[in-house]
Amino acid sequence: MDEELKSIARSLVWWKPPEAVDRLYLLRRIMDLGTPEMVRYARENLGETVMREALATAEAGNFSAVSWNYWHVFFGVRPTPALPVRQIPDSPHVSAEIRHAAARATRDVAVAR
């Protein structure tokens, strides 16, 4: 990881040392929250193939709905697939009330998009 990427990692994944940040996770953060300069750096130095991989392997919470749609349009992936969502575990340790509240929140986010 070069010094520029370390600087970007310190800005976007401030809670970890740059060397401990997964490259694809960092790239997703750049694509979602990065400045135009950070995105330009990523495109020029990491490449669009890796950016496509970061998008294809994204997990729930990695992208906002706006960024998710933008990058799919940018790479010509149409229609934009559904944004990854967290699955609510069906466990005896998770009460029905918590599962219901989480499902309601998920619906509210989907409606807001």
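A salt bridge, as I use the term today, is a side-chain nitrogen of Lys or Arg within 4 Å of a carboxyl oxygen of Asp or Glu. By that rule Arg43 forms a salt bridge with Glu48, with the closest N and O atoms 2.6 Å apart.

Before I go further, a word on the source. This is a predicted model, in which local features need pLDDT of at least 70 and side-chain atom pairs count only at pLDDT 80 or more, while totals for chains, interfaces and linings use all residues. Residues are numbered from 1 along each chain as its sequence is written, and side-chain values use heavy atoms, with hydrogens and water left out.

Let me stay with the salt bridges for a moment. A search of the whole structure finds 3 of them. For the accessibility of the partners, buried means under 20% relative accessible area, exposed means over 50%, and partly exposed is in between, with a 1.4 Å probe and protein chains only. Arg43 is partly exposed at 37%, and Glu48 is also partly exposed, at 28%.

Glu3 forms a salt bridge with Lys6, the closest N and O atoms being 3.6 Å apart, and since these two are 3 residues apart in helix 1, they are separated by about one helical turn. Glu3 is exposed, at 53% relative accessibility, whereas Lys6 is buried, with a relative accessible area of 17%. The side chain of Lys6 also meets that of Glu19 in a salt bridge, 3.6 Å from N to O. Lys6 lies in helix 1 and Glu19 in the loop between helix 1 and helix 2, so this pair ties together parts that are 13 residues apart in sequence. Glu19 itself is exposed, at 57%, and Glu3, Lys6 and Glu19 are linked in a network of salt bridges.

Now the overall architecture. The protein has 6 helices and 0 strands, where helices (H or I, at least four residues) and strands (E, at least two) are DSSP runs numbered from the N terminus. Of the 113 residues of the protein, 33% count as buried. The accessible surface comes to about 7400 Å², of which 55% belongs to carbon and sulfur atoms; these areas come from the Shrake-Rupley method with a 1.4 Å probe, and for residues only the protein chains shown count as cover. If contact means heavy atoms within 4.5 Å, then residues 24 or more positions apart account for 44% of the contacts with a separation of 6 or more.

Which residues of helix 3 are buried? In this helix, residues 36-45, they are Met38, Val39, Tyr41 and Ala42. They cover an arc of only 160 degrees around the axis, which puts them on the same side of helix 3, the arc being that of the directions from the helix axis to the C-beta atoms. On the other side of helix 3, Pro36, Glu37 and Glu44 are exposed. The cover over the buried residues of helix 3 includes helix 1 (3-12), helix 2 (23-33), helix 4 (48-56) and helix 5 (65-74). Just after helix 3, Gly47 takes a positive phi of about 95 degrees.

That brings me to the nonpolar core, by which I mean a set of buried Ala, Val, Leu, Ile, Met, Phe, Trp, Tyr and Cys residues joined through side-chain atoms within 4.5 Å. The largest such core has 25 residues, and Leu26, Ile30, Met31, Phe63 and Trp71 touch the most other members. Helix 1, helix 2, helix 3, helix 4 and helix 5 each give two or more residues to this core, with the largest share, 5 residues, coming from helix 2. Leaving aside neighbours within four places in sequence, the contacts of Met31 include Met51, Leu55, Phe63 and Trp71.

Finally, the aromatic rings. Rings of Phe, Tyr and Trp (its six-membered ring) pair if their centres lie within 6.5 Å, with planes under 30 degrees apart counted as stacked, over 60 as edge-to-face and the rest as tilted. This rule gives 7 aromatic pairs. Tyr70 and Trp71 form an edge-to-face pair, at 5.0 Å centre to centre and 85 degrees between the planes. The rings of Trp71 and Phe74 have their centres 5.1 Å apart and their planes at 70 degrees, so this pair is edge-to-face. Trp71 is buried, at 3%, while Tyr70 is partly exposed at 45% and Phe74 partly exposed at 32%. Ring pairs link Tyr70, Trp71, Phe74 and Phe75 into a cluster.
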